[in-house]
Each structure stands twice: as C-alpha cells, then as structure tokens.
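This report describes one protein model for a reader who is new to structural analysis. Please look at the sequence and the structure before reading on.

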Amino acid sequence: MENKEMVIREEQTSLGSIRIADEVVRVIAGLAATEVPGVAGMSGGVVGGIVEMLGKKNLSKGVKVEVGEKEAAVDLFVIVDYGTRIPDVALRIQENVKKAIEAMTGLSVVEVNVNVQGVAFSQEGKEEEHRVR
C-alpha cells in the first residue's frame, strides 16, 4: 500500500503554492464536532454490532470528506451524551464544522451530514458506583 498524501486544495501565491491535505480537513471537522456540548465522542463505526468510540487521538477516523477545488462535503459519525436533544446537538455540529472548515481552509462547505451512531451513558455508571458501598 502506497503512502501518498491526497492534496485537496492548491493555491498559487507570489511566493509559491499552498496545499491542504484531506486529513487536515478531517481533523478540523472532528475537533469542531467534539467542541459541541452533548457530543461524547467520534464513532469509528459499528464493529460486530457494537459502536466503537474513538478518543481524541483518532478524531479524523469518525469523519469522511469529499473535497473539490473550492467545495467540501463532510460526513460525521458521532456518539451523543444521554439526555441531550439529538436534533439540537446535530444542528450545532453542522454549524460549528462548517464555520471551522471555511474559516481555516477557505473551502466552501456545501454539506455536513451528521450520523448518530450511539448514546453514551457515562453519568449513569458513576451514580451506580456511589450507591453500592
């Protein structure tokens, strides 16, 4: 397998060229998504019926991007916190990801698709530990 960097955007300036790789857009999208309150983390997909939750080191793994010369489309796979209103969280993710990518890369984001892969019940487990002592 070849290790090649896919260039998504190249811009010529008087000093030379500027290139932005797919991975850069994926990381920007992952970080912007996890900044939204109610997002427990990114999802690496469903493995054997169990949703794989990824840590901060793997933010780009729960993100797929399609990038042209001037536009980008993003698919995000997230896990939300239990008790949050999913449509509200998803809308905030869309807004935050669009804003971050456009501000940092100059690309126009035409689509941000949010796929909720699971719900995190982290608070419930902590309460159970305190009850049994």
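What pLDDT does the protein average, and what percentage of the residues score at least 70? The model is predicted, and its pLDDT averages 82, with 73% of the residues scoring at least 70. Among the elements, helix 2 has the highest mean pLDDT, 97, whereas helix 3 (residues 122–131) has the lowest, 52. Residues 1–5 have a pLDDT below 50, and beyond near neighbours in sequence this stretch makes one contact in the model. Where pLDDT is low, the predicted coordinates should not be read in detail.

**Overall arrangement**

The protein contains three helices and seven strands. Read from the N terminus, these elements follow the order β-β-α-β-β-β-β-α-β-α. Of the contacts between residues at least 6 apart in sequence, 63% join residues at least 24 apart. One example of positions separated in sequence is the pair Ala40 and Ile79: they are 39 residues apart along the chain, and their C-alpha atoms are separated by 5.4 Å.

**The nonpolar core**

In soluble globular proteins, nonpolar side chains tend to be buried together. In this protein, buried residues make up 33% of the 133 residues. The largest nonpolar core has 24 residues, and the members that touch the most others are Ala29, Val63, Val74, Leu76, Ile93, Val97 and Ile101. Two or more residues of this core come from each of helix 1 (22–34), strand 3 (39–47), strand 5 (63–67), strand 6 (71–81), helix 2 (86–105) and strand 7 (108–120).

**The surface**

The accessible surface of the protein comes to about 9,000 Å², and carbon and sulfur atoms account for 50% of it. Tyr82, Ile86, Val116, Val119 and Phe121 make a nonpolar surface patch of about 460 Å². Ile86, one of these residues, lies in helix 2, while Ala40 is found in strand 3. The table gives the accessibility of these two residues.

| Residue | Relative accessible area | Class |
|---|---|---|
| Ile86 | 35% | partly exposed |
| Ala40 | 25% | partly exposed |

Why does Ala40 count as partly exposed? The class of partly exposed residues lies between buried, under 20% relative accessible area, and exposed, over 50%. Ala40 has a relative accessibility of 25% and therefore counts as partly exposed.

Note on methods
Residues are numbered from 1 along each chain as its sequence is written. This is a predicted model: local features need pLDDT of at least 70, side-chain atom pairs count only at pLDDT 80 or more; totals for chains, interfaces and linings use all residues. Side-chain values use heavy atoms; hydrogens and water are left out. A nonpolar core is a set of buried Ala, Val, Leu, Ile, Met, Phe, Trp, Tyr and Cys residues joined through side-chain atoms within 4.5 Å. Buried means under 20% relative accessible area, exposed over 50%, partly exposed in between (1.4 Å probe, protein chains only). Helices (H or I, at least four residues) and strands (E, at least two) are DSSP runs, numbered from the N terminus. pLDDT is the predictor's confidence in each residue, from 0 to 100. Contact means heavy atoms within 4.5 Å. Patches are made of residues with over 30% relative accessible area and no salt bridge: like charges are joined within 9 Å, nonpolar side chains (Val, Leu, Ile, Met, Phe, Trp, Tyr) within 5 Å. Accessible areas come from the Shrake-Rupley method with a 1.4 Å probe; for residues, only the protein chains shown count as cover. A salt bridge is a side-chain nitrogen of Lys or Arg within 4 Å of a carboxyl oxygen of Asp or Glu.
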